[in-house]
Amino acid sequence: MTTKQRAYLKSLAMTMDPIFQIGKSSMTPGLTQAIAEALDARELIKISVLQNCADDPRELAELVAERTRSQVVQVIGKKIVLYKEGKDDKKKIVWPSSPSKKA
């Protein structure tokens with residue numbers, strides 16, 4: 001993922017609300033499965049790590065990304081943003097075209 005693509009995804013994620021919360025029980029197989037399904041449906045999701053979760057948000061982000069075959073866009077405080085490119089027929093995110101360079 002290029003820095004421009006990452007910046008674009010961050011801008012999309014700014015207006016999103018977290019759809020999952022990781023709490024005291026940390027990462028359960030059920031939560032991992034639900035996150036994977038949400039990524040397949042939405043491509044870009046935000047996850048909130050609750051105060052009662054003892055795990056480090058960055059480590060959790062890497063773990064979830066590995067288990068769901070997604071990419072960590074950013075981790076700010078206790079918020080995690082993940083991206084997984086959708087299948088061709090289910091793509092939701094349209095990348096901005098790069099401006100053509102004039103000579």
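Student: Which residues of helix 2 are buried?

Tutor: The model is predicted, with local features needing pLDDT of at least 70 and side-chain atom pairs counting only at pLDDT 80 or more, while totals for chains, interfaces and linings use all residues. Residues are numbered from 1 along each chain as its sequence is written, and side-chain values use heavy atoms, with hydrogens and water left out. Taking buried to mean under 20% relative accessible area, with a 1.4 Å probe and protein chains only, and helices to be DSSP runs of H or I of at least four residues, strands runs of E of at least two, numbered from the N terminus, the buried residues of helix 2 are L31, T32, I35, A36, A38 and L39.

Student: On which side or sides of helix 2 do these residues lie?

Tutor: The arc is that of the directions from the helix axis to the C-beta atoms. For the buried residues L31, T32, I35, A36, A38 and L39, that arc is only 165 degrees around the axis, which puts them on the same side of helix 2.

Student: Which residue follows helix 2, with a positive phi?

Tutor: The residue sits in the loop between helix 2 and strand 2, and is buried, with a relative accessible area of 1%. Its phi is near 75 degrees, and the residue is E43.

Student: How far apart in space are E43 and L82, C-alpha to C-alpha?

Tutor: In sequence, E43 and L82 are 39 residues apart. In space, C-alpha to C-alpha, the separation of E43 and L82 is 8.0 Å.

Methods: Buried means under 20% relative accessible area, exposed over 50%, partly exposed in between (1.4 Å probe, protein chains only).
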